[in-house]
Amino acid sequence: MAMMVSIEIEKSPSGEKTPATKPQRQRSRRRDSSQRNMHGKPTHPLKAVIPPSILPEAVLHPDHEQIDRHVMTYLANTWEWPSEKHKQAFISWKLSEVVLFMFPTGEAERVKLACELLLLGFLMDDYFDKNTLSTNASIVSSLHSLSTSPEMTVPVTTIDSMHAGLFAKFLTYPNSAPILEAYLAMLDCHCVPSRGPSSLSSLKEYLVFRETDVGMPICVELLYWTDPALAGITADEKRMLRPLEKLANYHVSILNDVFSFEREWEAAEMNGEEGGALVNGVAVLAGEVGIGVEAARGLCVRLVRAWEGEFVRLKGEMLVEGRLRRAVEGIERRMSGAEAFSWRTGRYL
């Protein structure tokens with residue numbers, strides 16, 4: 001989602017993109033998205049690249065229609081859209097499903113707030129792509145003030161007002177402050193140069209950065225905050241679950257990079273050096289080991305499926321019951337839910 005790592009790519013004699021100089025934008029996958037299968041339904045261009053998951057099938061929250069309608073109506077009527085076309089595209093992407101797939105057991109009002117927060121994060125991400133890093137840093141600084149000192153900070157812009165209202169609603173619930181802290185940390189990664197990964201040279205370093213950049217700490221906190229059955233989970237229990245959390249975070253981060261590569265590449269090209277260069281695990285891996293982008297994408301897919309296998313193995317060894325078992329299943333749904341959303345949304349096509 002962010003744009004800060006500089007990975008340059010060129011085409012090899014065979015036509016494969018390899019790290020070196022700036023490439024032409026990839027168009028073939030976008031054209032493939034219009035192909036249809038034998039039943040007349042659109043075929044996703046990555047179906048031939050990504051093998052099936054071994055995780056349980058994702059399910060939507062039982063109140064998904066009501067929650068989606070509420071959140072999209074609010075955002076459509078409140079955000080300052082650059083055009084009607086942009087608004088309709090955002091609505092058509094069904095971004096609320098990423099939350100509704102991840103937290104199907106959550107209390108409806110809390111899941112509604114989680115949807116508002118994460119979809120506002122999507123809007124901010126797209127907004128940041130069009131501005132300079134210094135402008136974005138100023139915006140995020142204002143949001144930090146709204147979070148920490150709301151009584152001393154007057155909202156000036158629509159972005160300020162939307163965040164102030166949402167922060168206030170969250171803070172009426174106990175134990176919600178860590179969610180807002182994680183949200184602001186994610187925004188920092190998108191726009192503050194001192195927190196950017198410009199010096200990252202390995203996939204391992206990138207994964208550590210990406211956990212925050214893609215919003216995984218928010219999702220960790222939201223799991224325990226939205227589900228009443230997990231409200232009392234202890235710090236010791238969270239530490240026990242940390243190996244599974246890490247696998248899930250890597251899985252979601254790199255799978256998102258696989259699906260979103262073309263979109264992020266185009267945004268980086270449009271933004272230029274001032275807005276930051278491409279931040280994507282496919283590009284990082286290609287640059288690190290000296291292979292083309294498509295080969296790196298294939299390796300990233302194999303990593304994603306390997307992390308699933310490791311998750312299933314650790315889950316079987318833990319032999320947990322009750323609240324801990326519910327938490328493990330919730331972490332698992334983060335992976336399967338994020339993937340189900342990625343296949344269904346038009347955001348990355």
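Mentor: Gladly, and let's start with a term: helices (H or I, at least four residues) and strands (E, at least two) are DSSP runs, numbered from the N terminus. Ser336 has its place in helix α14, residues 322–344. This is a predicted model, where local features need pLDDT of at least 70, side-chain atom pairs count only at pLDDT 80 or more, and totals for chains, interfaces and linings use all residues. Residues are numbered from 1 along each chain as its sequence is written, and side-chain values use heavy atoms, with hydrogens and water left out.

Ser336 is buried, with a relative accessible area of 11%; buried means under 20%, exposed over 50% and partly exposed in between, with a 1.4 Å probe and protein chains only. Neighbours within four places in sequence aside, Ser336 is in contact (heavy atoms within 4.5 Å) with Leu55, Pro56 and Ala58.

Now for the partners. Two packed helices are described by the angle between their axes and the distance between the axes. Axes are lines fitted to C-alpha atoms, for helices over the stretch in contact, and angles run from 0 to 180 degrees between N-to-C directions. The axes of α10 and α14 come within 10 Å and cross at roughly 140 degrees. That makes α10 oblique to α14; angles under 35 degrees count as roughly parallel, over 145 as roughly antiparallel, 65 to 115 as roughly perpendicular and the rest as oblique. From α10, Met216, Cys219, Val220, Leu223 and Tyr224 meet Ala327, Gly330, Ile331 and Arg334 of α14.

Helix α10 (residues 216–226) also meets α8 (residues 177–191), their axes coming within 8 Å and crossing at roughly 160 degrees. That makes α8 roughly antiparallel to α10, and their crossing is left-handed. Pro178, Ile179, Ala182, Tyr183 and Met186 of α8 make this contact with Pro217, Ile218, Glu221, Leu222 and Trp225 of α10.

Finally, the core: a nonpolar core is a set of buried Ala, Val, Leu, Ile, Met, Phe, Trp, Tyr and Cys residues joined through side-chain atoms within 4.5 Å. The largest one has 102 residues, and among those touching the most other members are Tyr183, Ile218, Tyr224 and Leu241. Helix α11 (residues 235–275) gives the most to this core, with 13 residues. Sequence neighbours within four places aside, the contacts of Leu241 include Tyr224, Ala327 and Ile331.

Note on methods:
A crossing is left-handed if the near helix is turned anticlockwise from the far one by less than a right angle, and right-handed if clockwise.
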